[in-house]
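Hello,

Here is the structure for your files. My notes on it follow below.

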Amino acid sequence: GASRALIAITLDLEMARNFPRWEDTHWDYEKGNLNDEAKRYSVEAARRVKARGGVIHFFVVGRVFEQENVDWLKELVQAGHPVGNHTYDHVYVLAKKPEEIQYRFARAPWLIEGKTPAEVIRENIRLTTAAMKSRLGIEPAGFRTPGGFADGLHGRPDVQQMLLDLGFKWVSCKYPAHPYGETGKEPTAEVLDGIVKAQAAAQPFVYPTGLTEVPMSP
């Protein structure tokens with residue numbers, strides 16, 4: 001009935017930094033070049049959720065489509081799990097300077113020479129859609145920004161319009177601010193209460209441009 005909560009389980013298909021050691025940042029430069037462990041984790045998570053009658057909504061970083069084998073991703077699609085676009089290189093979609101776009105381009109600026117940040121970001125998103133069509137035969141199921149923003153895309157109608165122009169009807173980018181507590185320590189009651197309170201600010205809405213926002217849960 002109407003009183004039932006609507007819950008989406010989502011997973012971004014990307015490499016997390018700090019592995020295998022906390023001080024490691026290597027994966028910031030190769031976010032979409034998933035290793036075998038990350039792929040196995042994703043497939044197993046999907047299997048467990050499906051066994052309980054649900055699906056995971058994945059968002060994929062496009063660089064993984066350069067790998068020789070994407071059968072594991074095809075299996076996820078065939079099992080009914082939707083897959084959305086998460087940019088090609090895990091770029092910061094609000095970037096206004098070239099060096100803000102992604103670590104890879106800060107290290108190798110010649111890759112984006114002569115292009116504005118907006119052009120680089122647009123192409124990064126477009127390429128992922130093209131790769132999904134080519135390797136999986138599907139259109140992306142929505143778009144999630146790398147990183148979450150407390151204000152979503154408010155104040156950035158240019159980014160909203162770019163996503164609409166690229167064919168997206170909805171975006172998942174708003175992540176409400178809440179207390180985090182200390183790294184490596186159990187969250188306090190204050191932190192947990194703050195997360196619950198932030199949930200009220202994580203409800204779907206429509207931007208003035210017509211783009212729908214489906215926030216990330218705190």
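A contact here means heavy atoms within 4.5 Å. By that rule Arg156 touches Leu94 and Lys96, not counting residues up to four places away in sequence. Arg156 sits in the loop between β4 and α5; helices (H or I, at least four residues) and strands (E, at least two) are DSSP runs, numbered from the N terminus. Arg156 counts as buried because its relative accessibility is 14%, where buried means under 20% relative accessible area, exposed over 50% and partly exposed in between (1.4 Å probe, protein chains only).

The model is predicted, so local features need pLDDT of at least 70 and side-chain atom pairs count only at pLDDT 80 or more, while totals for chains, interfaces and linings use all residues. Residues are numbered from 1 along each chain as its sequence is written, and side-chain values use heavy atoms, with hydrogens and water left out.

Next, helix α4. It covers residues 117-136, 20 residues in total, and reaches 28 Å from its first C-alpha to its last, close to the 28 Å expected at 1.5 Å a residue (1.5 Å times one less than the number of residues). Its buried residues include Pro117, Ile121, Ile125, Met132 and Leu136. The buried residues of α4 pack against β2, α2 (71-78), β3 (83-85), α3 (103-107), β4 (143-149) and α5 (157-165). After α4 comes Gly137, with a positive phi near 75 degrees.

A nonpolar core is a set of buried Ala, Val, Leu, Ile, Met, Phe, Trp, Tyr and Cys residues joined through side-chain atoms within 4.5 Å. The largest has 22 residues, and Ile101, Ile121, Ile125, Leu153, Leu163 and Val171 have the most contacts inside it. α4, β4, α5 and β5 each give two or more residues to this core. Another core, of 21 residues, lies apart from it and includes Ala38 and Phe65.

Last, the pockets. On a 1 Å grid over the protein atoms alone, a pocket is an open set of points where a 1.4 Å probe fits, with protein on both sides within 12 Å along at least five of seven lines; lining residues have an atom within 4 Å of a point. The largest pocket has a volume of about 460 Å³ (the space filled by probe spheres set on the points, which are joined across faces, edges and corners). Of its 17 lining residues, Leu6, Ala8, Val214, Pro215 and Ser217 are the closest to its centre. The second largest pocket holds about 250 Å³, and its lining includes Asp12, Trp27 and Glu37.

Regards
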